[in-house]
Every structure is written in C-alpha cells, then in structure tokens.
Amino acid sequence: MAVNSFDHPADDAVFAAVDLGATSGRVMTGRVGPGTLVLAEAHRFANTPVRLPDGLRWDVLALYQGMLDGLRAAGRSGPVASIGIDTWAVDYGLLDADGALLGVPFHYRDGRNSGISERLPEGCGAAELYAVNGLQHLPFNTVFQLLAHRSTAQWKAARTLLLMPDLLVHWLTGSVGAEITNASTTGLFDARLGDWSDELIGRLGLARSLFPPLRDPGDPAGTLLAHVAGATGLSAGTPVTTVASHDTASAVVAVPATEPEFAYVSCGTWSLAGLELDAPVLSEESRAANFTNERGVDGTVRYLRNIMGMWLLEECRRAWGREGPDRALAALLTDAAAAEPFAAVIDPDDEAFLAPGDMPSRIDTYLLRTGQTPPGSPGAYVRCVLESLALAHRRTLRRAAELAGREPTRIHLVGGGSRNELLCQWTADASGLPVTAGPAEATALGNILLQARAHGLVGDLADMRRLVARTQELRHYEPRGDGQHWDRAEARLSPGPVPADA
C-alpha cells in the first residue's frame, strides 16, 4: 500500500476521476465516506480516432481539452480534493529532449504492427518473452508497436516514453513517471520482479533511458501547473494522485467480491476475463493458452485473457447506421432474445474482427468459412455476438482456473456490459456459475476509491470492495439449464488464434 502525505479532504470535497475509453471519455466525481460511495458524471466527450496518411491516430489534443472541460465541470460539484487518470493500455507518446510530444500517438488498431511479432531479434521469441513478461501475445502490445516505430525520424529524437495516462498526468503536472499496472501491459516489464525488465529492453535494442521511474497506485504524481489551474478553475495546489491507470486494473479494484475465490469479467469494448492471484503463472502451458499476467493493486496479479468484447456489437450498429436509421440497442436486444438460439457462433478473438469496418460482413465471412449460415436479421446477429461472448467468457475462465489451480465460485461481471441482461444471463448459463452484475461504472469507482484511500478515507482492497458491495446497485443471475446446448455450440467453433511459436 502506498504511503503518502496527502491532507485529509474537506467534508464537501469531491474526487475527480478522468476515465478515457476507446470510444468516449468522461470526468466523474465521487464522494467517499463511512458507508458512502456516490458517483456522478461531470462531463462526457467523444473519443474519435483520426486516420492520417501514415496511419490511425488518437486525437490526443481533443482528449486533453475534453479532460480540462471536465475538470472545470467537476469543480462546480465542490472543492476537488484530488484528480486521478485512467485510460486503455499499450498506447504511448514519445517526448523529445525538451519534453515536447513527437507526433500524434498511434492507435493500437493501426495496421503498422502487422507481422512485427514474427520478426523479433534472436533470443526474443514468444517463449523467451513470456518467461519474463508473462504477457498475452497480442499484435498491438507496446513492445511490438515500439519495434514498428523505431525506424522513424520521431524515434531518433525520442528521449522519454509515456503511456497515455502518464502523458496526460505529465501535461497536468509537469512530472514524469510510469504507473505500474499500465507499465505491466507493455511487454517490457518483469512479471516476477515487478519492475522494468532491463534484460528484455536490452535484448530488443531499446534505450533503457526511454522508460521513466515506476509509480504505484496511491503515490502522489504532482499538483496542477498554473496554466492548467487557470484553464480548469481549480486551485494550483490541487494534487494529482496516481491510480491504477490501466482502466481494467481500476475496474478490478471495484469488483464487489466478498468471497475469496471469484472470477471477473470487465466487459466494455474488450472483455477482460480472469482471476486475481498473488503471483504470476509463467508456465509453458499458460503461454500456449495465451494468458496474460498483468499487475494489479497492492502487488496482485491480474491473470486474464483479452477477448474482443462489445466492440463486435458496436461495430455492427455502426455498420447498420450507415445503411439507415440508427437501431436502438434496446430494440436489438429484444429481437435477439426472440431469435433462434445457437443458430450461429463465432470466435470473438478471430483476427478478422480486430480492425474497424463492416462487422456484419466479417461475421458472414467467418460463418461461411466455418460451414455456418449467416444471420438473417440484426437481432440474429446480436444473438450470435452475445452467445459467442458468453462462450468465450466460459472458455477463458475455465482455462484460467485450470492453469492457476483455482475453483471460482462466482463470476463478477463489471463495466458497461453488466447492463446487458442477456449477456449476463447467458454467461451464467454457459459457465454454470452464478453471475453478479455491476457496478457498471467499476473503472471510475476504482479510480476514486484509490484516491480516497491515499487520502485516508478507506482501507485495504477488501475494505474497498465491501464498500462497493454495500453501496452500488448489483444484479444476480443464477445459471439455467444443464449446459448441453452450450457444450454443443462450443464444439462448433473453429480453433482460436494461436500465439507465435506455440
């Protein structure tokens, strides 16, 4: 647990959580006290990537302005005791010797990473990397992005690498650091030692000086610069607190688990399904199964797999929106509930579904390739996607339990997907385990709880989770049926993607 010197906040103070997701950003405010955990939205803004001639980029300046606008709105809720920032993982900005950003950060879905993982230096094959970093093989891992980047003029001028939340903290405070839960997703972090891997960085021919000192959740990150205070209306002394800046790590903090043996699914654009462990699982069997060991709060390990989550549904809706009137999600879910069960199933992790584009057509292509009939209506597509996600949750959690020697008794499904009653019920049915759904705002709650703990308002991880369980709206789903329909659907799936050298 981090030690700090924060002042105790005023009774009417709020904590501000900057929470940036793949499609939108928001600033949330939270009030925390004995038996109290109240969240409110101060400001929401779009996160719209921009395709430039050289690739797909994040519009980081628009995100920064949205954050400033949100902090100004948060200040109208009461005195802001602290600010914390979380975002998605793996993406980064490069700074030059003057601390200026070099170019616009690339989007992890950009195609520049294609094939990079197959051209690694000698001694850096999949098995060698996993033995140190314990990371799931994904083509957009930071390590592969860096190898794609280093032939550029920007790379030659780079002196510091900052992951996205660290870049935003730098712009607010002028300080430079790397938050540990997000650093653990880069592929350049030693999963056993809990530090940057000098060994891997050297083997890959990267400069160790690029990687800043690590910070733990709860550490002070600095205070607002004068011009930021002016832009937001906040005090120049307002502290920025290091939180679990990888959004999944913050979400896992807010899992309302009261039992020790639990599994979780943090479901949004991605479904992150796994277990919380005390130590990484770095076996060859774990590597072949493509599980990741990412850092959690207080030295825990998030042992999980990334699954292509609600991205599939949202890309379908975008495609249908280009063809005609926007299809309301509620109506689509009603149609999905009435559609034929198990008419078609897909592997959500097939690489065909990774890039933005016409998702219904890609689903059709996958189904035809695997001898299945494409859906005949939007509701049938939605049923296909949600049943396939439920199967992926089941498959991933069962394998995680086998590899880690655990027997979870409940699944906690948090994040935006927890509002989807069909997905929650079907996850319970497929897995044969009860599912507790909620909170939907787990990431922002985890962000705020870590700030509150740094300011002395809440105790350890178990205490934070008990507070979430007592104060947030949760729904419970019991498994229905005998599971044989899910077994037969699973048997129809083609083999999933295999990591290099497996």
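**A side chain and its surroundings**

Modeller: The side chain of Asn133 comes to 3.0 Å from the backbone oxygen of Gly187, and since this is a predicted model, that distance, like every value that follows, is computed from predicted coordinates. Asn133 belongs to helix 2, which covers residues 126–133. The relative accessibility of Asn133 is 5%, and because buried means under 20%, Asn133 counts as buried.

Leu162 is in strand 8, residues 160–163, and with a relative accessible area of 0% it is buried. Leaving out the neighbours within four places in sequence, Leu162 is in contact with Tyr92, Gly93, Leu95, Leu167, His170, Val176, Gly177 and Pro212. One of these contacts, Val176, is 14 residues away from Leu162 in sequence, while their C-alpha atoms are 7.9 Å apart in space. Thr241, in strand 14 (residues 239–241), counts as buried as well, at 1% relative accessibility. Beyond its neighbours within four places in sequence, Thr241 is in contact with Phe6, Ser82, Ile83, Gly84, Gly218, Asp219, Gln451, Ala454 and His455. Ala40, by contrast, which is placed in strand 3 (residues 36–46), counts as partly exposed, because its relative accessibility is 36%. Not counting residues up to four places away in sequence, Ala40 touches Val27, Met28 and Thr29, and for Met28 the separation is twelve residues in sequence but 5.6 Å in space from C-alpha to C-alpha.

On the side of helix 12 the meeting residues are Leu332, Leu333, Asp335, Ala336 and Ala337, and on the side of helix 14 they are Pro378, Gly379, Val382, Arg383 and Leu386. Sorted by class, the residues of this contact are seven nonpolar, one polar and two charged.

Helix 14 also meets helix 18. Their axes cross at roughly 90° and come within 11 Å, so helix 14 and helix 18 are again roughly perpendicular to each other. Here the contact is formed by Glu387, Ala390, Leu391, Arg394 and Arg395 of helix 14 together with Trp486, Asp487, Ala489 and Glu490 of helix 18. By class, this contact has four nonpolar residues, no polar ones and five charged ones. Looking at helix 18 by itself, residues 484–491, its buried residues are Trp486, Ala489 and Glu490. These three lie on the same side of helix 18, because they cover an arc of only 100° around its axis. What the buried residues of helix 18 pack against is helix 14 and also helix 15 (421–431).

Finally, some backbone details in the loops are worth a careful look. Most residues other than glycine have a negative phi, and most peptide bonds are trans. Against that background, Asp298 has a positive phi of about 60° although it is not a glycine. Asp298 is found in the loop between strand 17 (292–295) and strand 18 (301–308), and it is partly exposed, with a relative accessible area of 37%. Phe342, also not a glycine, has a positive phi of about 55°, and its loop runs between helix 12 and helix 13 (359–369). The peptide bond that joins Gly438 and Pro439 is cis, with omega about 5°, and Pro439 lies in the loop between strand 20 (435–437) and helix 16 (442–454).

Technical notes
Residues are numbered from 1 along each chain as its sequence is written. This is a predicted model: local features need pLDDT of at least 70, side-chain atom pairs count only at pLDDT 80 or more; totals for chains, interfaces and linings use all residues. Side-chain values use heavy atoms; hydrogens and water are left out. Contact means heavy atoms within 4.5 Å. Helices (H or I, at least four residues) and strands (E, at least two) are DSSP runs, numbered from the N terminus. Ala, Val, Leu, Ile, Met, Phe, Trp, Tyr, Cys and Pro count as nonpolar, Asp, Glu, Lys and Arg as charged, and the others, Gly among them, as polar. Buried means under 20% relative accessible area, exposed over 50%, partly exposed in between (1.4 Å probe, protein chains only). A polar contact is a pair of N or O atoms within 3.5 Å; within protein, one must be able to donate a hydrogen and the other to accept it, and residues adjacent in sequence count only if both atoms are side-chain atoms. The arc is that of the directions from the helix axis to the C-beta atoms. Axes are lines fitted to C-alpha atoms, for helices over the stretch in contact, and angles run from 0 to 180 degrees between N-to-C directions. Angles under 35 degrees count as roughly parallel, over 145 as roughly antiparallel, 65 to 115 as roughly perpendicular and the rest as oblique.
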